[in-house]
Amino acid sequence: MTDVLSTPRLVLRPFVPEDGAEMFRVWASDPQVTRFLRWTPHKDEAESLALARQWAADRQAHQCAIVRGCDGQLMGSIGVVPAEDDPALWEPGYCLGRDFWGKG
């Protein structure tokens, strides 16, 4: 994704490599947040850094950072990925750090 979508509350933007540390802290290491994802919780910051770099480098990636509009806090990710059983189909998905659950 190369475009930025914004509302007063949220910004969807491409990942940048620097998102990795915050990604690890906010959601990627949390088993409750990642329980329905295709990957297990990250064991260390290096895993999140590698994934953020991968998503940032691939401008055709369909993963966006979800950022709080008022202060730029990284909250989670949203995207679409090929279905595991049929790569011709795409599945949407998102994850938010637990601190952002239940906020409407």
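**Around the sheet**

Guide: Let's start in the sheet, where four bridges join strand 2 to strand 3 (residues 63-68) in an antiparallel pairing. Keep in mind that this is a predicted model: local features need pLDDT of at least 70, side-chain atom pairs count only at pLDDT 80 or more, and totals for chains, interfaces and linings use all residues. Residues are numbered from 1 along each chain as its sequence is written, and side-chain values use heavy atoms, with hydrogens and water left out.

A word on terms: helices (H or I, at least four residues) and strands (E, at least two) are DSSP runs numbered from the N terminus, and two strands pair if DSSP finds at least two bridges between them. In strand 3, V67 is the residue opposite V11. Zooming out, the open sheet has five strands, ordered 1-2-3-4-5, with antiparallel pairing. Strand 1 (5-6) and strand 5 (90-96) sit at the edges, each pairing on one side only. In general, strands of a sheet pair through backbone hydrogen bonds, either parallel or antiparallel.

Now for what packs on it. Helix 1 lies across strands 2, 3, 4 (74-82) and 5, at about 95° to strand 4; axes are lines fitted to C-alpha atoms, for helices over the stretch in contact, and angles run from 0 to 180 degrees between N-to-C directions.

On strand 4, have a look at S77. S77 is buried, at 4% relative accessible area (buried is under 20%, exposed over 50%, partly exposed in between, with a 1.4 Å probe and protein chains only). Leaving out residues up to four places away in sequence, S77 touches F15, W27, W55, Q63, C64, I66, G93, Y94 and C95, where contact means heavy atoms within 4.5 Å.

F15 sits in the loop between strand 2 (10-13) and helix 1 (19-28) and W55 in helix 3 (residues 45-57), so the pair ties together parts 40 residues apart in sequence. F15 and W55 are both buried.

What about the cysteines? There are zero disulfides, a disulfide being two cysteine sulfur atoms within 2.5 Å. C64 is in no disulfide, and its nearest cysteine sulfur, on C95, is 12 Å away. C64 is buried at 9% relative accessibility, and C95 is buried at 4%.
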